[in-house]
Amino acid sequence: MSEVVAMAGQAYMRQMQAHPLRTKAITSGVLAGCSDAVAQKISGVSKLQLRRLLLIALYGFAYAGPFGHFLHKLMDRVLVEQLTASPWNNMMFMMYYGLVVEGRPFGHVKSKVKKDYASVQLTAWKFWPVVSWINYEYMPLQLRVLFHSFVASCWAVFLNLKAARSIANTNKKA
């Protein structure tokens with residue numbers, strides 16, 4: 001079993017060397033999809049919403065992986081990342097989730113972002129600096145997006161659950 005894992009790790013690293021952007025995009029997409037599946041199961045759905053899962057995976061593939069690829073090439077300091085990428089990424093995810101995944105009208109999404117963004121970003125600033133420090137201090141450059149994408153999949157579970165709670169609270173008031 002350990003030989004299989006070692007061979008898979010070596011194959012992954014060869015792909016990372018030969019096709020870094022593609023490998024990071026695919027990895028981010030898969031991890032984003034997995035995080036949504038976990039979030040859906042934790043929130044109690046009986047049957048996975050495949051469309052939602054695929055849209056979240058698309059976000060990881062088309063945006064998060066490529067953005068991380070170029071971000072980690074350009075930034076090597078935690079503070080800069082936290083003041084630039086973190087607010088942008090959280091805003092992008094919240095907008096994408098509301099508009100594309102939930103299919104809500106722009107006015108509703110804008111209102112929700114206005115209500116929840118500050119608490120999401122403050123939580124991010126408590127969590128992500130530690131992750132970024134570990135990433136920059138201990139991860140080789142070619143593994144930073146993989147590490148970041150893995151942790152981001154955990155963060156996405158938090159964002160998904162926050163969104164689900166917010167929708168449940170809105171439905172109770174209606």
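1. A residue counts as buried under 20% relative accessible area, as exposed over 50%, and as partly exposed in between. At 55% relative accessibility, Y138 therefore counts as exposed. The structure discussed here is a predicted model.

2. Y138 has an aromatic partner, W133. The ring centres of W133 and Y138 lie 5.5 Å apart with the planes at 90°, so this pair is edge-to-face. W133 is partly exposed, with a relative accessible area of 43%.

3. A pair of aromatic rings is described by the distance of the centres and the angle of the planes. The structure holds 10 aromatic pairs. One of them joins F127 and W128, which are edge-to-face at 5.2 Å centre to centre and 80° between the planes. F127 is partly exposed, at 32% relative accessible area, whereas W128 is buried, at 6%.

4. Which residues form one aromatic cluster? They are Y59, Y63, F67, F93, Y96 and Y97.

5. As for accessibility, C34 is partly exposed at 43%, and C154 is partly exposed at 43%.

6. The unreviewed UniProt entry carries the annotation "transmembrane region" for residues 53-71 and 145-164. In the model, residues 53-71 are 100% helix and 0% strand, with 25 Å between the end C-alpha atoms. Residues 145-164 are also 100% helix and 0% strand, and here the end C-alpha atoms are 27 Å apart.

7. Helix α4 covers residues 78-101 and deserves a separate point. Its 24 residues would reach 34 Å in a straight helix at 1.5 Å a residue, but the end C-alpha atoms are only 30 Å apart. Where does α4 bend? The bend is at A85 and amounts to about 35°. After α4 comes G103, which has a positive phi, near 70°.

Notes:
Residues numbered from 1 in each chain as written. Predicted model: local features only at pLDDT ≥ 70, side-chain atom pairs only at ≥ 80, totals over all residues. Heavy atoms only, no water. Buried < 20%, exposed > 50% of the residue type's maximum accessible area, 1.4 Å probe, protein only. UniProt positions renumbered as here; feature names shortened; annotations may be inferred. Helix = DSSP H or I, 4+ residues; strand = E, 2+ residues; numbered from the N terminus. Expected span 1.5 Å × (residues − 1). Bend = angle between axes of the 7 residues up to and from the residue. Phe/Tyr/Trp six-rings, centres within 6.5 Å; stacked < 30°, edge-to-face > 60°.
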